[in-house]
Amino acid sequence: MQSATFPKPLWQTYLLFLAPMVLSNFLQSMSGTVNSIYIGQMLGTQALAAVSGMFPIVFFFIALVIGLGAGAGVLIGQAWGARETHRVKAIAGATLLLGVLIGLVAAVLGTLFARQALTGLGTPADVLDDAVSYARVMLWILPSLLVFVLFTQLLRGVSDTLSPLLALIVSTAVGLALTPALIRGGFGLPQLGIQSAAYAGLAGNLAAMAWLAWRLLRKGHPLAPDREFFAALRLDRVILGKVLRIGLPTGVQMIVLSLSELVILALVNQHGSQATAAYGAVTQIVNYVQFPALSIAITASILGAQAIGAGRLERMGPILRTGLWINVCLTGSLIVLGYLLSHWLLGLFLTEDSTRAMAEHLLHIMLWSLLVFGFQAIVGGIMRASGTVLVPVAIAIFCVVGVQLPAAYWLDGQFGLQGVWMAFPVAYLGMLALQTLYYKRVWQHQKIERLV
């Protein structure tokens, strides 16, 4: 694990941090895709529809926990940079306990109101009973999922991105192996039908956490679940106040962005099923470019927090510049590949030539702007390292709600479907301009102090 003194060149530190994160993102995306294939192929389209109806509810709680993890990650990064291991444990313990309580509240409320929630989300009547059955199981295992997601985020605060990757490999392998076995009831296992993916996910999470505990204890890791760590599992009001001040805006931002995607999807749906299919295929490719860009921003935030904790404020500028250059190289390379291989990549999802041609045109309109998206995310990540969150998050939300959505509607009226995709670059350019302006005019002139 690399400390805030950064003995390696910054670009090497970035890449050592980034590589496991990018692989983790790939694994998570692949796991979701394969599970959907299992359910769709082995149980049918209605089963897939029943499972899909649960996604907005689960995403809400995951977004909330990711926000907590972002806030705690900044505090842990600063404490780790200052070499204060006891503070690292205190922050992690308080955050994890809050995550467990959120999961338990979600489990109880979700079980009581699952049917009402799914009905409110418009779940089709012919799959509602199956959806409710799946939702209740999923919500009861939600605490374990949230703890797993949260703990892997906390590990990154001490520059450990390898352990989360290895744990995710364990979780994914167990889950993907068990899902088809539980669907069919093979190897002496019960036949669980639509609930199979949920139970397989639970088994994967528990196996990964057990393996992770063994690994961290064996290595004498600062976040190993030892006696001192369990003693730190208490709701420290001061620590949690700081975690929530940084983390809640991030969680709210994720929820707003996901809701805006639903609005865009509704706009696309008006152009017919071909447009909807093209949207789904383009989104799949965009995700594989966008996640690495976000990983660079997370890396910049953690390294910045460690530099602040170590009292090395002169490192903030180089951390920002290195992140921007890596965005040019990594995200830029993926964008170039996306353009060069777009016809083949879209052919993996789309079989009709006319739909693939439509998707390729839409992808070409906005793919380049993911480089701009990466730039603004890195600038925001650097500011988050010091605890400055509200304004960067407000800028992102404004550019989506106040710029992208109105632009999408107006451009749709002017240019048709392609106008919807023109709105993405408009929003990302707005984000970059406003984030950079705030960074240069305000943030750089503020006194940066440790939060812990």
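Analyst: The side chain of Thr331 makes a polar contact with the side chain of Asn327, at 2.8 Å. A polar contact is a pair of N or O atoms within 3.5 Å; within protein, one must be able to donate a hydrogen and the other to accept it, and residues adjacent in sequence count only if both atoms are side-chain atoms.

The model is predicted: local features need pLDDT of at least 70, side-chain atom pairs count only at pLDDT 80 or more, and totals for chains, interfaces and linings use all residues. Residues are numbered from 1 along each chain as its sequence is written, and side-chain values use heavy atoms, with hydrogens and water left out.

Thr331 lies in helix 12, residues 316–340. Helices here are DSSP runs (H or I, at least four residues), numbered from the N terminus. Thr331 counts as buried because its relative accessibility is 0%; buried means under 20% relative accessible area, with a 1.4 Å probe and protein chains only.

What does Thr331 touch, not counting residues up to four places away in sequence? The residues are Val289, Ala293, Ile296, Ile326, Leu370 and Leu371. Contact means heavy atoms within 4.5 Å.

Leu370 and Leu371 belong to the helix 15 side of a contact between two helices. The axes of helix 12 and helix 15 (residues 369–384) come within 9 Å and cross at roughly 155 degrees, so helix 12 is roughly antiparallel to helix 15. Axes are lines fitted to C-alpha atoms, for helices over the stretch in contact, and angles run from 0 to 180 degrees between N-to-C directions; over 145 degrees counts as roughly antiparallel. Helix 12 passes helix 15 in a right-handed crossing, where the near helix is turned clockwise from the far one by less than a right angle.

On the helix 12 side, the contact includes Thr331 and Asn327, along with Gly323, Val328 and Gly332. On the helix 15 side, Gly374, Phe375 and Ile378 are among the residues that take part. By class, this contact of helix 12 with helix 15 has 12 nonpolar, five polar and no charged residues. Ala, Val, Leu, Ile, Met, Phe, Trp, Tyr, Cys and Pro count as nonpolar, Asp, Glu, Lys and Arg as charged, and the others, Gly among them, as polar.

To put the part together: Thr331 is buried, its side chain makes a polar contact with that of Asn327, and both residues take part in the contact of helix 12 with helix 15.

Notes
Buried means under 20% relative accessible area, exposed over 50%, partly exposed in between (1.4 Å probe, protein chains only). Angles under 35 degrees count as roughly parallel, over 145 as roughly antiparallel, 65 to 115 as roughly perpendicular and the rest as oblique.
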